[in-house]
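I set down each item as I looked it up.

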Amino acid sequence: MGTERTGPGTGRGGEPGAESGPAPAAPEPDIRTGTPESRTGAPDASTGGPEPRTAPTPTTPTTPTTPTRLRRLAGVWRRPALRWPKRVAAALVLVLLLPPLAAGIALRVNYAGDPAAGTYTRNRDALWMGHAWVDGRKKDADVRALAARLRTTGVRDLYVHAGPLEHDGTLPASAYPRARWLIGAIHRELPGVRVQAWLGDELATEGPVGLRLERAATRTAVVRSAGQVLDAGFDGAHFDLEPLHSGDADYLSLLGDLRRVTRAHGALLSVAAHQIDPLPSLHSVGGAVTGHPKWWSQAFFGQVARRVDQIAVMSYDTALPLESLYGGYVAQQTSLALEVTPATTDLLMGMPFYYEDNMDHHGSAETVAAAVRGARLGLSRTDRTRENFGVAAYVDFAAREKDWTAYERGWVR
């Protein structure tokens, strides 16, 4: 996600950086053509005598014109010896172009149709919130304004950034000095709304720096940090650890230990989750080609979902260029997640309450309206009556009025 963005997409947190525009287009190459031949040595008819004998003036060699080059290339291309190379080239073009084209058509078709009646908020939605709420920048007036905004929505959980964790898994209490004030104010203004501590960090899965889940001491420290924020009064602990590769057994072990702590406190355990393979084993291919496997397998997603109380899919930053493709993708992700998430676990589909335009996120395509409609379509097709379902908005400090309006009109009604 963007530079120094808090939470899902970065792990460690911070306020959003300046928006970055598209890179300037490369200049068109020059096309050189030949020059007309010069002709010399024409006869002088005014003398009436014999044509003078003069040495011909040498002509300047010319470069073939573009049409001449094309004719030559066409002649070469028609040679019988190139029959098999041409067939191989055509096959390669089909191999490269057909899968993206087929995938795009499938996503567009997935966005077609109407969501089923009754597929609106179940009052189990969530909102990711920045660090300003616990470090002293927010005041009572801010809480009152937030309460006025949320009272008519389906938001029940607030993921308030209280980290980041240190790379050894510890969490300094100085990171959230105003937590008790915020929790008390929210409970007073919005009875029934739960305040969870959002804890994240960068994992050392793709580089030398970061939190290492393979170390038992680090996992123990993370569990201790969870108990620490629960003792401070938070209603739950929400973890966002990235980049987290599919099949990470150490992560599953950590979730088991964390859940014992949250249950002992009568609190919630929730996680931000990577997207699911849109095609089987695509995470393996992506990892082999780029070293950064973007997706989790559906089976691993289900393993995580069975170990937590809530799982929120980070269904944004997809790089898709069109709103219809993004909406179809969210519909697909919703169906894939519903198929493996236990009915007792809250499944939340993330929606982008921010605008960026870069290689990962096209703001004109990844809209709240498309995310909500996609989630409703996936819910309609897979588990229409499921109650433990909602959407999660990322992030409060970047939200625009149009984002709130699209959420309320499309999902809250």
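Entry 1: I began with Asn123, which is placed in the loop between helix H2 (83-110) and strand E1. Helices (H or I, at least four residues) and strands (E, at least two) are DSSP runs, numbered from the N terminus. The model is predicted, so I note that local features need pLDDT of at least 70 and side-chain atom pairs count only at pLDDT 80 or more, while totals for chains, interfaces and linings use all residues. Residues are numbered from 1 along each chain as its sequence is written, and side-chain values use heavy atoms, with hydrogens and water left out.

For Asn123 I found phi near 60°, a positive value in a residue other than glycine. I then looked up the cis peptide bonds. One joins Gly163 and Pro164, with omega of about 5°; Pro164 belongs to the loop between strand E2 (155-161) and H4. Another runs from Glu242 to Pro243, where omega is near -10°. I located Pro243 in the loop between strand E4 (236-242) and helix H6 (249-264).

**Entry 2: H3 and H4.** I asked at what angle the axes of H3 and H4 cross. Helix H3 (residues 140-150) and helix H4 (residues 179-189) have axes that come within 10 Å and cross at roughly 40°. That makes H3 oblique to H4. Axes are lines fitted to C-alpha atoms, for helices over the stretch in contact, and angles run from 0 to 180 degrees between N-to-C directions. Angles under 35 degrees count as roughly parallel, over 145 as roughly antiparallel, 65 to 115 as roughly perpendicular and the rest as oblique.

On the H3 side, Asp140, Val143, Arg144, Leu146 and Ala147 meet Trp181, Leu182, Ala185, Ile186 and Glu189 of H4, contact meaning heavy atoms within 4.5 Å. The residues of this contact divide into 7 nonpolar, no polar and 3 charged. Here Ala, Val, Leu, Ile, Met, Phe, Trp, Tyr, Cys and Pro count as nonpolar, Asp, Glu, Lys and Arg as charged, and the others, Gly among them, as polar.

**Entry 3: H8 and its partners.** I found the axes of helix H8 (residues 298-305) and helix H9 (residues 323-340) within 8 Å, crossing at roughly 55°. H8 and H9 are therefore oblique to each other. Gln298, Phe301, Gly302 and Ala305 of H8 meet Leu336, Ala337, Glu339 and Val340 of H9. I classed the residues of that contact as 5 nonpolar, 2 polar and 1 charged.

The axes of H6 and H8 come within 10 Å and cross at roughly 20°. H6 and H8 are therefore roughly parallel to each other. Tyr251, Leu252 and Leu255 of H6 make the contact with Phe300, Gln303 and Val304 of H8. Its residues divide into 5 nonpolar, 1 polar and no charged.

**Entry 4: Cavity.** I found 1 cavity of 30 Å³ or more. On a 1 Å grid over the protein atoms alone, a cavity is a set of points where a 1.4 Å probe fits but cannot get out, and lining residues have an atom within 4 Å of a point. Grid points are joined across faces, edges and corners, and a volume is the space filled by probe spheres set on the points.

The largest cavity has a volume of about 30 Å³. Its lining includes Asp125, Met351, Phe353 and Trp404. I noted that E1 gives the largest share of the lining, 3 residues. By class, the lining has 9 nonpolar, no polar and 1 charged residues.

Terms used:
On a 1 Å grid over the protein atoms alone, a cavity is a set of points where a 1.4 Å probe fits but cannot get out, and a pocket is an open set with protein on both sides within 12 Å along at least five of seven lines; lining residues have an atom within 4 Å of a point.
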